[in-house]
Amino acid sequence: MWFFILAELLVFAVFFASYAFARSGNVELFNHYQQTLNRDIGAANTVILLTGSLFVVLAVQAIKAGRAVLCRNWLLAGAGMGLLFLILKGIEFADKFAHGISLSTNTFYMFYLSLTFFHFMHVIMGMIILGTVAWKAHTGDYSATQHTGVETGASYWHMVDLVWIVLFPLVYVMR
């Protein structure tokens, strides 16, 4: 899993570097269209993902204490935060698409849509992982002495969160 997480982080790092390079050649365009993004939703999504990560940390602590049901519940709460993130991001996407914005609108929107959709897909994968781990906790596959799967799923979720912590200020805030 660590190899997979590091590979994913490398892909996002290349994406972020490409964004920064393209932005350096089109500062006015990027600054102008960045103002069309909904920073409130972006900030709310940041809080949502951080809250989801807190829930996942609590799930790991619960399983280490031998509390599989509590672990399952915290994992499902973390996945629920992922769902809330997807709903808000979906509202943002719907607004952009309703205004005729697409990957071909301009360089800024190409990066915005590509980066955020790629992250969107990773949130979905994270929710699937958390759901699977929650199910395994529910069926007794994890315990205080055998909880590597919970920690592994948590690591993936934290990677998704970390990427957003870089993506949000890079795309929505930094000028």
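**Reading a predicted helical model**

Modeller: In this predicted model, Tyr19 is in contact with Phe30, Phe108, Phe111, Leu115, Leu170 and Val171, once its neighbours within four places in sequence are left aside.

Biologist: What makes these count as contacts of Tyr19?

Modeller: Contact means heavy atoms within 4.5 Å, and Phe30 and Leu115 are among the residues for which this holds with Tyr19.

Biologist: Which residues touch the most other members of the largest nonpolar core?

Modeller: That core has 54 residues, and those touching the most other members are Tyr19, Cys71, Phe108, Tyr112 and Val171. Helices α1 (2-25), α3 (39-64), α4, α5 (107-138) and α6 (148-173) each supply at least two residues of this core, and α5 gives the most, with 14 residues.

Biologist: Why is Ile91 called partly exposed?

Modeller: Its relative accessible area is 46%; buried would require under 20% and exposed over 50%, so a value in between is called partly exposed. Ile91 is found in helix α4 (residues 68-98), and together with Leu83, Leu84 and Ile87 it forms a nonpolar patch on the surface, with about 340 Å² of accessible area together.

Biologist: How do you know what structure residues 41-62 adopt?

Modeller: UniProt, in an unreviewed entry, lists residues 41-62 as a "transmembrane region", along with 74-91, 111-135 and 156-174. In the model, residues 41-62 are 100% helix and 0% strand, with end C-alpha atoms 31 Å apart, while residues 111-135 are also 100% helix and 0% strand, with end C-alpha atoms 36 Å apart.

Conventions: Residues numbered from 1 in each chain as written. Predicted model: local features only at pLDDT ≥ 70, side-chain atom pairs only at ≥ 80, totals over all residues. Heavy atoms only, no water. UniProt positions renumbered as here; feature names shortened; annotations may be inferred. Helix = DSSP H or I, 4+ residues; strand = E, 2+ residues; numbered from the N terminus. Patch = residues over 30% accessible without salt bridge, like charges linked within 9 Å, V, L, I, M, F, W, Y side chains within 5 Å. Areas by Shrake-Rupley, 256 points an atom, 1.4 Å probe, with all protein chains shown as cover. Salt bridge = Lys/Arg side-chain N within 4 Å of Asp/Glu carboxyl O. Buried < 20%, exposed > 50% of the residue type's maximum accessible area, 1.4 Å probe, protein only. Core = buried A, V, L, I, M, F, W, Y, C linked by side-chain atoms within 4.5 Å.
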